Amino acid sequence: MKLKNLFIVILFFASLTACAQKTTAQPTPVVAQAAGQSDANFDAPHIPSPAPFQFSLPTPGAEPISAWRPPLYPVPWAMSPYDHFYFVRPIAADQVNWPIPDYRYGGIFFGPNIIHTGIDIPTPEGTPIMAAGPGTIVWAGWGLFTESPKNQEDPYGMAVVIRHDFGYKGQQLYTIYAHMSKVFAILNQHVETSEVIGLVGDTGATTGPHVHFEVRIADNSFFHTYNPELWIAPPQGWGVLAGRIMDEKGEGTLQQVEVTLRSTKVKKTYLVKTYGGGGAINPDPYYNENMVLGDLPAGIYKVTITIEKKLEQTWVEIFPGQTSYITFIKGEGFESIRPPAPILESLPTP
Ligand SMILES: [Zn+2]
């Protein structure tokens with residue numbers, strides 16, 4: 001594993017160099033100021049340090065390319081009032097259109113301060129990238145991360161941002177598509193769900209072709225991302241697990257704890273790690289989770305984690321089209337009680 005990691009690190013830096021050389025040959029992308037952003041954004045951009053970023057694929061997808069999945073639920077899909085599967089996937093169903101399993105949102109690969117703010121869908125260069133929902137193009141081209149249009153060194157490479165026609169709790173919703181080889185979308189263009197906006201590529205900081213997909217709420221900025229696996233509709237008959245793995249006080253969360261799900265039916269094991277730190281990721285306003293595992297066939301799963309060499313386990317049922325929820329408090333164990341319903345301030349108090 002160490003050798004493999006070393007190889008991947010080398011590959012990463014090699015590809016950065018390769019990218020830098022290659023970018024000079026790229027066609028001039030459509031780059032313009034995002035609607036609603038002021039000039040001040042470009043004159044004095046609030047550019048976060050590049051250190052917390054990693055857009056590369058650490059390992060090839062662990063699941064076979066030929067794995068068939070049922071069609072997705074129609075969007076918007078919300079079996080519970082707290083779920084919000086508003087988006088389709090940016091890749092069509094005839095390709096791998098699910099995230100690379102070992103580098104999900106909140107994932108850490110290269111170091112504790114390098115955290116993943118989206119999901120990576122590993123599809124071949126030239127695969128069409130589709131709008132996850134209807135909206136207006138507010139960015140198309142280079143420089144999204146550095147807020148410097150024409151910056152061909154930008155880690156997102158060529159990227160598109162859609163500001164969606166619908167929001168969430170009165171706030172704007174955005175989706176981001178990065179590392180494109182070609183951008184077809186034009187600034188201020190209105191696109192419909194599944195309209196092709198560009199092609200998969202490996203521009204920016206990447207080790208190979210894939211689309212880096214983000215969901216942002218309220219503000220089109222790097223610090224307002226949320227876990228896309230709680231926003232893209234699951235395959236029909238499949239569901240999602242969200243969880244919060246906490247320290248002994250139940251206040252803080254435990255980072256990078258490996259959570260294993262073992263299906264009793266299909267004899268398959270799924271793995272996810274709790275979010276790393278770094279401050280660039282946000283939990284869902286309702287679930288307040290620090291782990292999400294999407295694309296789970298409905299059924300019963302054994303959930304195990306190891307805390308200080310002690311194995312802890314529980315059982316969870318995944319329901320079609322829904323998000324199941326677990327919590328764990330160190331020293332107390334697992335529970336599967338949902339967060340309390342939000343208190344509506346407009347209701348009269350008893
Ligand atoms: Zn990524």
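**View 1. Strand β8, mostly covered.** In this predicted model, strand β8 spans residues 211-217, and seven of its seven residues are buried. Both faces are covered: V211, F213, V215 and I217 sit on one side, with H212, E214 and R216 on the other.

**View 2. The strands that pair with β8.** Let's look at who lines up with whom. Strand β1 (residues 119-121) runs antiparallel to β8, joined to it by three bridges; here I121 has V211 as its bridge partner. β5 also pairs with β8 in the antiparallel sense, this time over six bridges, and Y174 finds its partner in R216 of β8. Then there's strand β9 (residues 225-226), antiparallel to β8 with two bridges. R216 turns up here too, with T225 of β9 as its bridge partner.

**View 3. Strand β4 and its two partners.** Six of the seven residues of strand β4 (residues 158-164) are buried, so this strand is largely enclosed by the rest of the structure. Strand β3 (residues 135-141) pairs with β4 through six antiparallel bridges, and W139 stands opposite V161. β4 and β5 run antiparallel as well, joined by five bridges; look for I162 opposite T175 of β5.

**View 4. The largest nonpolar core.** This core is made up of 77 residues, and I129, A159, V160, V161, Y177 and M180 have the most contacts inside it. Strand β5 (residues 173-183) is the top contributor, giving seven residues. As a rule, nonpolar side chains in soluble globular proteins tend to be buried together.

Key:
Residues numbered from 1 in each chain as written. Predicted model: local features only at pLDDT ≥ 70, side-chain atom pairs only at ≥ 80, totals over all residues. Core = buried A, V, L, I, M, F, W, Y, C linked by C-beta atoms within 7 Å. Buried ≥ 20, exposed ≤ 12 C-beta atoms within 10 Å, placed from the backbone. Helix = DSSP H or I, 4+ residues; strand = E, 2+ residues; numbered from the N terminus. Pairing = 2+ DSSP bridges.
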